[in-house]
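Please keep the sequence and the three-dimensional view at hand while reading.

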Amino acid sequence: INALVDELGLDENEVFTPFTNSSFYSPDGLEATAPVFGEATVDSILGGFPIVGEALKNAVSESLGTDEFPMLPSPLGQVLATVPYFERLPIADRASMVGLLLATIDCLGGDEETKEQYDRMSAHELFIRFKLSERLVSDFIKPTLLVGLFKPPEELSALVVMELLYYYALAHQDSFDVRWIRNGTVSDSLIQPMAEQLIKKENGALQVLGGCRVKEISLEEGADGKSHASKLSYLNTRSGEVEVIDNIDGVVLALGCQGMQSVISSSPDLARLPEFSKAASLKGIDVISCRLYFDRKVETRSPANVFSRFEELRGAGGTFFMLDQLQDESLAQLWGKNGDSEDDETLGSVVACDFYNSGGLMSLKDEDLVKILTDELLPSAVTKFADAKLVDSWVGKYSGVVSWFSPGSYALRPPLEGAGNSVLPNVKCAGDWVRMGEREHGAKGLCQERAFVSGFEAANSLMKDTASGDQFQMHKVLAVREDEMAVKLGMEVNRKVMSFLPRFWTR
């Protein structure tokens, strides 16, 4: 995605905010703050150590000749860098995370069979077997998973949880550093400029059929004895007419679970192939999105925040983002104004609040959801919200829209190759939930980078299997950073050990 910004000629600093920290709040108050690891200083990290902090800080600064906190091997760097930022969770509980690191090395360094064994186990089972402390799980890991994979540990595949935690937190000291869209949304900041480029005649004159919904994809047998997608019908929701595209060269099913269910249920030819019918059987996760407008600006410790262990969540994960801080240069636009009025300077905070795994909240009326936020959750996290008056609000409910990586789901997820070149060469799949096989990428979990990369790889595969001669050039996909040497060594040693020792903790 960073490379896409460069290719489109966009200014990275105009598209993204600076890296920001994030805070976790519980009914007990502030639990932890995730620092910006890549910008940490010796003073901000070592100065927070109890008793010896000042002496340690001075000694390290003198030996390094700089106040920049060095990049240390993972997870040593993360452990040291977060010592001052956990308000309540004891070091002994945090240290129990080591067991998960050992499991991650075994799982991610293993073969396909090993991954399927871990996938059949829930993350909750994994945490118990590798002796993670109950408090570490309940206070930190579970809230993190509820907003990272949108389900609690007992409902998530251990495989995907380890992939997510490794990619987002454990791979490198600064893996957890995050930045956000500076103005508007991902759609209008990245997708729209990309579409405008592709629509240009010199770039292939892409035609986008907006407001249309695929109904049926029809297959026919070719001269090579293989099936081929030959025809597609779709509903034009503007005209209400069903239209048809004949003589299809290829299809990429860039769909989520709901889209896959809809297309496969109306496409009997595809439904006969187990790869597609199994993918269509997977369920999604409910999400609620809220936008709150206040009469004054509310200062917070961090612009991005997580709700943890609140009874009012009813089993959901919760976040709140201070859009007036993240997108401070477009505050008037957040309020739906043009920015020309002197009154724009008095506009208050705009807060985006999301609930994930929100089944226990979906039946509530919009005003009840808003009331939970304004009367309970927000003031409990940041007391200044109690003095702010709500001016306006918006609520959106989305049932079953997000991929659910449940235990045992790995074998059901759609392969990037679809039914395979030997069966159906001109239909491929893309999205963050696809199994990429030999084209597997380092970006994991519910991840826009993974979804973007899978699209390139699906296109590469489609052209390779359908284009004749040398009619195309493979799109080069950029890899994530290499694993650190200690991780590579650990995986190699583990593979040798596991070649003669059984994995008694999996099944």
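Phenylalanine 24 has valine 306 of strand 8 opposite it. The model is a predicted one.

- Seven strands make up an open sheet with mixed pairing, and their order is 2-1-8-9-10-7-11.
- The edges are taken by strand 2 (29-34) and strand 11 (390-403); each has a single partner strand, so one side of each lacks a neighbour in the sheet.
- From one strand to the next, the twist averages 20°.
- Helix 10 (residues 134-148) packs on this sheet, where it touches strand 1, strand 2, strand 8, strand 9 (317-322) and strand 10 (350-356).
- The direction of helix 10 makes about 75° with that of strand 9.

**Strand 8 and its two partners**

- Strand 1 (residues 22-26) pairs with strand 8 (residues 304-307) in the parallel sense, over four bridges.
- Strand 8 and strand 9 run antiparallel and are joined by four bridges.
- Across from alanine 304 is phenylalanine 321, which belongs to strand 9.
- Which way do the residues of strand 8 point? Ala304 and Val306 point one way, Asn305 and Phe307 point the other way, and all of them are buried.

- An open sheet of three strands has the order 3-4-5, with antiparallel pairing.
- Strand 3 and strand 5 (241-246) are the edge strands, each of which pairs on one side only.
- Neighbouring strands here are turned against each other by 25° on average, with direction ignored.
- The antiparallel strands 3 and 4 (residues 227-236 for strand 4) are joined by nine bridges.
- Valine 214 stands opposite tyrosine 234, a residue of strand 4.

**Lysine 215**

- Lysine 215 belongs to strand 3 (residues 212-221).
- Is lysine 215 buried or partly exposed? Its relative accessible area is 36%, so lysine 215 counts as partly exposed.
- Leaving aside residues up to four places away in sequence, lysine 215 touches Ser233, Tyr234, Leu235, Val242, Val263, Ser266 and Ser267.
- One of these residues, serine 233, is 18 residues from lysine 215 in sequence, yet their C-alpha atoms are 5.5 Å apart in space.

**Helix 7 against helix 20**

- The axes of helix 7 (residues 98-108) and helix 20 (residues 485-498) come within 9 Å and cross at roughly 75°.
- Helix 7 contributes Ile105, Asp106 and Leu108 to the contact, and helix 20 contributes Gly490, Met491, Asn494 and Met498.
- By class, the residues of this contact are four nonpolar, two polar and one charged.

**Helix 8 against helix 11**

- For helix 8 (residues 112-119) and helix 11 (residues 158-170), the axes come within 6 Å and cross at roughly 105°.
- Helix 8 is therefore roughly perpendicular to helix 11.
- Lys115, Tyr118 and Asp119 of helix 8 meet Ala158, Leu159 and Met162 of helix 11.
- This contact has four nonpolar, no polar and two charged residues.

**Cysteines**

- How many disulfides does the structure hold? The number is zero.
- Cysteine 107 is in no disulfide, and the nearest cysteine sulfur, in cysteine 447, is 17 Å away.
- Cysteine 107 counts as buried because its relative accessibility is 0%.
- Cysteine 429 is buried, at a relative accessible area of 1%.

**Glycine 420**

- Glycine 420 is located in the loop between strand 11 and strand 12 (427-430).
- With a relative accessible area of 15%, glycine 420 is buried.
- Along the chain, glycine 420 and asparagine 305 are 115 residues apart, and 43 Å separates their C-alpha atoms.

Note on methods: Residues are numbered from 1 along each chain as its sequence is written. This is a predicted model: local features need pLDDT of at least 70, side-chain atom pairs count only at pLDDT 80 or more; totals for chains, interfaces and linings use all residues. Side-chain values use heavy atoms; hydrogens and water are left out. Axes are lines fitted to C-alpha atoms, for helices over the stretch in contact, and angles run from 0 to 180 degrees between N-to-C directions. Helices (H or I, at least four residues) and strands (E, at least two) are DSSP runs, numbered from the N terminus. Contact means heavy atoms within 4.5 Å. Ala, Val, Leu, Ile, Met, Phe, Trp, Tyr, Cys and Pro count as nonpolar, Asp, Glu, Lys and Arg as charged, and the others, Gly among them, as polar. Two strands pair if DSSP finds at least two bridges between them. Buried means under 20% relative accessible area, exposed over 50%, partly exposed in between (1.4 Å probe, protein chains only). A disulfide is a pair of cysteine sulfur atoms within 2.5 Å. Angles under 35 degrees count as roughly parallel, over 145 as roughly antiparallel, 65 to 115 as roughly perpendicular and the rest as oblique.
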